[in-house]
Amino acid sequence: MAEYYINNTPLSQFQIMPLKANGDIAISGCFDLPKRKGTTYVNWPLLNSVEPYVDADDIEFSEREITLYGIITEDSDNNIWLLKEFLESLPETFTLSCKWGNWNVKHNNITIETVNRISSKVTLKFTESNPVLSGILPPISETKEIDNYQWISFGLWIKGISGYQSIGTPKKLNVTQNLSSSLPSFGGRDKTEITVSGIIESSNIDQFKNNISALYALFGSPGIRLIQYRDLEIKCFCADGFTISDVKIPQNIYAKFNCKLIVVNDEVLQYI
């Protein structure tokens, strides 16, 4: 497996071998689009769904949590002590790197799980305070599946979109229909959400990272996303980011994609 570096120091210096934990790789969270910061919508009681905050000035992303997995294969007692001393000597921010990328991170914590007298599993958690989420959108497609693009333009094969048939529950108002307060009044319906799931396929690491960066540009861009699915037009926006997981490298690179989106309707869109 690939070597992993903390502040340019290889983990092999502490007899740590990367441990497959996210499919075929030892690192997770590093490709995710984090949740947005702050208020992402307002829930008007009398309107269906929510009013999205999707102007460019509204969109700011949270920190990204990254986890690295490994196993100490020799003299774990001594190497754990050396690793502890090393982690305590790190600056506040430093570079976590491997062939999959480079991330400017802070160290959060370390978990040790004893395997036997000489081996221990190590889980290292980091926070990337200012993740790099820039990307270039693909060329506009004649077939429109999301906005002006096809999913495959992002290397994404869609497995399905769930939740698109959901109906929001009525919103309870703080008034009643009778003096005894036994009949509550209702306003519009609560928001519903869809979940887009699929597989990203790429021929090499550079293409894999470019595909994910293009998805950052898509789901992190201002405005409403317009998805065509089963003869339906779904208007939605992304507030919770997306996840990239279970990275497999048989020949090409494959990874699971999962993104939850909030559905809005034309009644609300007239206000934005």
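This is a predicted model: local features need pLDDT of at least 70, side-chain atom pairs count only at pLDDT 80 or more; totals for chains, interfaces and linings use all residues.
**Pockets**

The largest pocket of the model has a volume of about 360 Å³. Its lining consists of 21 residues, and those lying nearest the centre are Arg64, Asn102, Trp103, Glu128 and Val132. Three elements each supply at least two residues of this lining, namely strand E9 (101–114), strand E10 (120–128) and helix H2 (205–219). Of the elements, E9 gives the most to the lining of the largest pocket, with six residues. In terms of residue class, the lining of the largest pocket comprises eight nonpolar, nine polar and four charged residues.

The second largest pocket has a volume of about 190 Å³. Its lining is formed by Gly163, Tyr164, Ser166, Thr192, Ile194, Leu232, Glu233, Ile234, Lys235, Val263, Val264 and Asn265. Two or more of these residues come from each of strand E14 (192–202) and strand E16 (232–237). The largest share of the lining of the second largest pocket belongs to E16, which provides four residues. Six nonpolar, four polar and two charged residues make up the lining of the second largest pocket.

**Strand pairing**

Strand E10, already named in the lining of the largest pocket, also takes part in strand pairing. Strand E7 (residues 64–72) is antiparallel to E10, and nine bridges join the two. Within this pairing, Tyr69 has Thr123 of E10 as its bridge partner. E9 likewise runs antiparallel to E10, with eight bridges between them. Ile110 is bridged to Leu124 in E10.

| Strand pair | Sense | Bridges |
|---|---|---|
| E7 and E10 | antiparallel | nine bridges |
| E9 and E10 | antiparallel | eight bridges |

**Two buried residues**

Ile6 is located in strand E1 (residues 5–6). This residue counts as buried because its relative accessibility is 0%. Leaving aside residues up to four places away in sequence, Ile6 touches Leu11, Phe86, Leu90, Phe94, Thr95, Leu96, Leu124 and Phe126. One of these contacts, Leu124, is the E10 bridge partner of Ile110.

Thr195 has its place in strand E14, an element that gives two or more residues to the lining of the second largest pocket. Is Thr195 buried or exposed? Thr195 is buried, because its relative accessible area is 19% and the class takes in values under 20%. Beyond residues up to four places away in sequence, Thr195 touches Gly160, Ile161, Ser162, Asn258, Cys259 and Lys260.

Technical notes: Residues are numbered from 1 along each chain as its sequence is written. Side-chain values use heavy atoms; hydrogens and water are left out. On a 1 Å grid over the protein atoms alone, a cavity is a set of points where a 1.4 Å probe fits but cannot get out, and a pocket is an open set with protein on both sides within 12 Å along at least five of seven lines; lining residues have an atom within 4 Å of a point. Grid points are joined across faces, edges and corners, and a volume is the space filled by probe spheres set on the points. Ala, Val, Leu, Ile, Met, Phe, Trp, Tyr, Cys and Pro count as nonpolar, Asp, Glu, Lys and Arg as charged, and the others, Gly among them, as polar. Two strands pair if DSSP finds at least two bridges between them. Buried means under 20% relative accessible area, exposed over 50%, partly exposed in between (1.4 Å probe, protein chains only). Contact means heavy atoms within 4.5 Å.
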